[in-house]
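Subject: Structure for you to look at

Hello,

Here is the structure I said I would hand over. Please open it first, then read the notes below it.

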Amino acid sequence: SAGPADMSPEVWEKVKNHPCYSEEAHHHYARMHVAVAPACNIQCNYCNRKYDCANESRPGVVSEKLTPEQASKKVLAVASAIPQMTVLGIAGPGDPLANPEKTFKTFELISKTAPDIKLCLSTNGLTLPDHVETIKSFNVDHVTITINMVDPEVGQHIYPWIYYRNKRWKGIDAARILSERQLLGLEMLTEAGILCKVNSVMIPGINDQHLVEVNRAVKSRGAFLHNIMPLISAPEHGTVFGLNGQRGPSAQELKALQDACEGEMNMMRHCRQCRADAVGLLGEDRSAEFTTEKIDAMA
Ligand code: SF4
Ligand code: SF4
């Protein structure tokens, strides 16, 4: 995996303590997510809104939703219990930037009470360009954008609709707007020196061939890391893909695609598709130790 020899000292400063950006760091540093953002402004065919946002999380998981105040309390409780906790991320259960008041209120509270904790955010990108200034103002160093296509012809099979500028858009138009906004947001973040990870969900027969092109498009706009994740689809998830019998890729298909993109840029291979309320080292889930009930009892 990439190390200090592969990047400038400024970039390495941002990478070395973030368990998702550095394969090495993920053995030593912990992250937590707080589920403060319930709404979403698009529909993905692999998502069922009863569960966490499937752009970042394992499908079929329900996280405990928190208010910004509860989230801030939880961060303090976790930080004192887990000293290696370096990063707080907001990744759902909907889209963090479709809930900007809740997301940024949470950042505001945490930056006051726990200024050493790095803030991190993931988004579908639709409203990202509108929020880049605010993201910068909180010194956020890491943003994840889920980009599954750069061609609306492909996108129309992944996104049935988006809700944008007080209007519902469908089909090719929806996919075109979403793609333009995602790529613009990525360029603006890169320009601001914020490290971007791009998540892509690999959907056989829909975007699997196309993701090499996505990889090139995001690399040329300065994305730091590309995380190609397998579609996890089952009828019981109640998603369009699940109900239609859309399969996910095999481990070999996923690896072949990651290998095909590897020469182009850093590929993330240690993503665990964490819950929107994950706590701890990657791969260890301590969320059950830090429910609101337990945190209130600690106080
Ligand atoms: Fe679901 Fe996330 Fe897609 Fe919104 S962006 S529809 S929450 S997977
Ligand atoms: Fe890191 Fe992947 Fe978990 Fe996000 S879902 S916190 S990128 S390991």
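Before the notes on strands, one definition: two strands count as paired if DSSP finds at least two bridges between them. Keep in mind too that this is a predicted model.

With that definition, asparagine 199 stands opposite asparagine 227 in S9. Another bridge links valine 198 to histidine 226, its partner in S9. Strand S8 (residues 195-202) and S9 run parallel and pair over six bridges. Strand S9 covers residues 225-230, and five of its six residues are buried, so the rest of the structure largely encloses it.

Both strands belong to an open sheet of seven strands, ordered S9-S8-S5-S4-S3-S1-S10, in which the pairing is mixed. The edges of this sheet are S9 and strand S10 (279-280), each of which pairs on one side only. When you look at any such sheet, remember that side chains in a regular strand alternate between its two faces.

There is also an open sheet of three strands, in the order S2-S6-S7, with antiparallel pairing. Its edges are strand S2 (42-43) and strand S7 (167-170); each has a single partner strand, so one side of each has no neighbour in the sheet. Strand S6 (residues 161-164) pairs with S7 in the antiparallel sense over four bridges. One of the pairs to look for is tryptophan 161 with lysine 170, its bridge partner in S7.

Now the chain as a whole. It holds ten helices and ten strands. Its C-alpha trace spans about 50 × 45 × 35 Å along the principal axes. How does the radius of gyration of the chain agree with that of a compact globule? For 299 residues a compact globule would have a value near 19 Å, and the chain has 18 Å, which agrees. Of the 299 residues, 48% count as buried. Among contacts in the chain with a separation of 6 or more, 74% are between residues 24 or more positions apart.

The buried residues of H3 are Lys102, Thr103, Phe104, Thr106, Phe107 and Ile110. What covers them includes helix H2 (68-81), strand S3 (85-90), strand S4 (118-123) and helix H4 (128-137).

Helix H4 contains histidine 131. Is histidine 131 buried or exposed? It has 20 other C-beta atoms within 10 Å, so it counts as buried. Leaving aside neighbours within four places in sequence, histidine 131 is in contact with Leu97 and Pro100. Phenylalanine 104 is 27 residues from histidine 131 along the chain, and their C-alpha atoms are separated by 10.0 Å.

Last, the ligands. Around ligand 1 you will find Cys40, Ile42, Gln43, Cys44, Cys47, Cys53, Ala54, Asn55, Gly94, Asp95 and Asn124. This shell divides into six nonpolar, four polar and one charged residue. Around ligand 2 are Cys20, Arg31, Glu56, Gly89, Cys271, Arg272, Gln273, Cys274 and Leu282. Here the division is four nonpolar, two polar and three charged.

Regards

Notes:
Residues are numbered from 1 along each chain as its sequence is written. Chains are lettered from A and ligands numbered from 1 in the order in which they are written. This is a predicted model: local features need pLDDT of at least 70, side-chain atom pairs count only at pLDDT 80 or more; totals for chains, interfaces and linings use all residues. A residue is near a molecule or strand if its C-beta atom, placed from the backbone, lies within 6 Å of it. Ala, Val, Leu, Ile, Met, Phe, Trp, Tyr, Cys and Pro count as nonpolar, Asp, Glu, Lys and Arg as charged, and the others, Gly among them, as polar. A residue is buried if 20 or more other C-beta atoms lie within 10 Å of its own, exposed if 12 or fewer, and partly exposed in between; C-beta atoms are placed from the backbone. Helices (H or I, at least four residues) and strands (E, at least two) are DSSP runs, numbered from the N terminus. Two residues are in contact if their C-beta atoms, placed from the backbone, lie within 7 Å. The radius of gyration is taken over C-alpha atoms; the globule rule is 2.2 Å times the number of residues to the power 0.38.
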